[in-house]
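Please brief me on the pockets, nonpolar cores and salt bridges of the following model.

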Amino acid sequence: MGELHIMNHPLIQHKLTIVRDENCGTREFREVVNEIANLMAFEFSRDMPLEEVDVKTPEGIAHAKQLAGKKLAVVPILRAGIGMVDGILDLIPTAKVGHIGMYRDEETLEPHEYFAKLPSDIDQRQVFVVDPMLATGGSAIMAIDALKKRGAKNIKFVCLVSAPEGVKALQEAHPDVDIYAAALDEKLENGYIVPGLGDAGDRLFGTK
Ligand code: PRP
């Protein structure tokens, strides 16, 4: 079963409150979502493996450490996932970025894939799928299906707010995928997370 990690860092919680506020405008929403993604990257990178390396300093040899192991890819689910990418890349600038486009049919809430462009060596990368919202889980499940079909094996899912229904569905469909969220909210209502933060895509891009 994929583990659910709720990121309780005070700065993440404080900033999440700012973007939940219905009076937070597009510009501030965009800025603060990226700041949260940056702080989340700091937290979710805690268990990245290190290897020992000797480095020559001006004064001698330091037995030091550097990141080891797999290369990284960040894969935002379009559109709203885009809002988290820059914040993550600030911290992990060498990560490659793939894109997966998903929209939910507003009536049925069924997700549909409309775009996918991934790094060619995605099968060799640690992949972070990002999307501000995990509601029914349909979009995340389908995006991760698409990634696995293209060979990705090592996948984590990162979101701002999650609903219990989406967490359960994602854990059942992809038990190998850990979930990192800033909050686990109360419930889903008509496909929206309650209390949530509204429609992240519309709030990021000012399309409502
Ligand atoms: C929203 C959100 C997620 C999805 C979550 O996207 O950004 O991708 O819904 O819902 P689910 O867990 O029930 O699938 P939306 O379809 O509104 O598209 P957008 O990002 O282009 O606004």
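Is E113 buried, partly exposed or exposed? E113 is partly exposed, with a relative accessible area of 35%; buried means under 20%, exposed over 50%, and partly exposed in between, using a 1.4 Å probe and protein chains only. The model is predicted, so local features need pLDDT of at least 70 and side-chain atom pairs count only at pLDDT 80 or more, while totals for chains, interfaces and linings use all residues. Residues are numbered from 1 along each chain as its sequence is written, and side-chain values use heavy atoms, leaving out hydrogens and water.

**Salt bridges**

- The structure holds 12 salt bridges, each a side-chain nitrogen of Lys or Arg within 4 Å of a carboxyl oxygen of Asp or Glu.
- E113 pairs with R150, with the closest N and O atoms 3.7 Å apart.
- This pair links distant parts of the chain, as E113 is in strand β7 and R150 in the loop between α4 and β10, 37 residues apart; helices (H or I, at least four residues) and strands (E, at least two) are DSSP runs numbered from the N terminus.
- R150 is partly exposed, at 40% relative accessibility.
- D121 forms a salt bridge with K71, at 3.4 Å between the closest N and O atoms.
- D121 lies in the loop between β7 (111-117) and β8 and K71 in strand β4, so their bridge ties together parts that are 50 residues apart in sequence.
- D121 is buried at 17% relative accessibility, whereas K71 is partly exposed at 43%.
- A network of salt bridges links K71, D121 and R125.

**Pockets**

- The largest pocket has a volume of about 640 Å³. On a 1 Å grid over the protein atoms alone, a pocket is an open set of points where a 1.4 Å probe fits, with protein on both sides within 12 Å along at least five of seven lines; points are joined across faces, edges and corners, and the volume is the space filled by probe spheres set on them.
- Its lining has 27 residues (an atom within 4 Å of a point), and M102, Y103, R104, M133 and D199 are the closest to the centre.
- The second largest pocket holds about 340 Å³, and K71 is among the residues nearest its centre.

**Nonpolar cores**

- The largest nonpolar core has 39 residues, of which L16, M40, F44 and L197 touch the most other members; a core joins buried Ala, Val, Leu, Ile, Met, Phe, Trp, Tyr and Cys residues through side-chain atoms within 4.5 Å.
- Helix α2 gives the largest share of this core, nine residues.
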